[in-house]
Amino acid sequence: MTSSLTALNAVNFFMADVRDGLGPYLGVFLQEKKWSPGEIGAVMTLGGIAGMIATTPLGALVDRLREKRALMAIACIATVIGSLTILFWPGFGVTAASQVATGIAGAVIAPAIAGITLGLVHQKGFTHQMGRNEAFNHAGNVVAALACGIAGYAFGLVAVFAVMTAMAVVSLIALAFIDPKQIDYEAARGASEK
């Protein structure tokens, strides 16, 4: 169990940068590509709306399925592919589709982490572990911002894509170390303990 919780902490740390896609860096990147503020706002809004619409049905899907780790892996990979697509084809249609995909993928990650956490520690340990999840998530955000800032200063905005991709790869490795046999799938759905 300890190894799965350590892996969960690592997932929260490294997934922090992946979860929101390019986030604030997208606007800066698109400005470099001569996008107008209106166009940038439109694609970012599309991603936010898509994520908001997807949250409830995807939360229900995560709750129903046992393959929570696989869903997180798919969401992580989709976010990276969507973001890298923008790097090579930064047109409006491609970027809008990428932001919609990233928004939808992000809507999977939070409920999947909550479900896996509940399945590992049950109701009794849930509050404590969710606090740890958030602590690791925020620490990951800080480290990712520093890494992106330093790498971006040294190599340009393209380095931000590299940092996000590297963190995604490590997230996937950490996810593989969460033992599915240690996840109580009834508890993960919020079933009351006997």
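Q: Axes here are lines fitted to C-alpha atoms, for helices over the stretch in contact, and angles run from 0 to 180 degrees between N-to-C directions. At what angle do α1 and α4 pack?

A: Heads-up: this is a predicted model, where local features need pLDDT of at least 70, side-chain atom pairs count only at pLDDT 80 or more, and totals for chains, interfaces and linings use all residues. Residues are numbered from 1 along each chain as its sequence is written, and side-chain values use heavy atoms, leaving out hydrogens and water. Helices (DSSP runs of H or I, at least four residues) are numbered from the N terminus. The axes of α1 and α4 are 10 Å apart, and the angle is about 35 degrees.

Q: Which residues of α4 does α1 meet?

A: Contact means heavy atoms within 4.5 Å. On the α1 side you'll find Val11, Met15 and Val18. Their partners in α4 are Met72, Cys76 and Thr79.

Q: Is α4 roughly parallel or roughly antiparallel to α5?

A: The axes of α4 (residues 68–88) and α5 (residues 92–155) come within 8 Å and cross at roughly 155 degrees. Angles under 35 degrees count as roughly parallel and those over 145 as roughly antiparallel. That crossing therefore makes α4, relative to α5, roughly antiparallel.

Q: How many nonpolar residues are in the contact of α4 with α5?

A: Among the residues that meet are Leu71, Ala75 and Ile86 in α4, and Val108, Ile109 and Ile116 in α5. Ala, Val, Leu, Ile, Met, Phe, Trp, Tyr, Cys and Pro count as nonpolar. Besides nine polar and two charged residues, the nonpolar ones number twelve.

Q: How far apart are the end C-alpha atoms of α4?

A: The expected span is 1.5 Å times one less than the number of residues. With 21 residues, α4 should therefore span 30 Å. The model agrees, as the end C-alpha atoms are apart by 31 Å.

Q: Is Gly93 buried or exposed?

A: Gly93 lies in helix α5, with its C-alpha atom 8.9 Å from that of Val43, 50 residues apart along the chain. Its relative accessibility is 51%, so Gly93 counts as exposed.

Q: What is the relative accessible area of Thr117?

A: Thr117 is found in helix α5. Leaving aside neighbours within four places in sequence, its contacts include Leu8, Phe126 and Met130. Thr117 is buried, with a relative accessible area of 0%.

Technical notes. Helix = DSSP H or I, 4+ residues; strand = E, 2+ residues; numbered from the N terminus. Parallel < 35°, antiparallel > 145°, perpendicular 65-115°, else oblique. Buried < 20%, exposed > 50% of the residue type's maximum accessible area, 1.4 Å probe, protein only.
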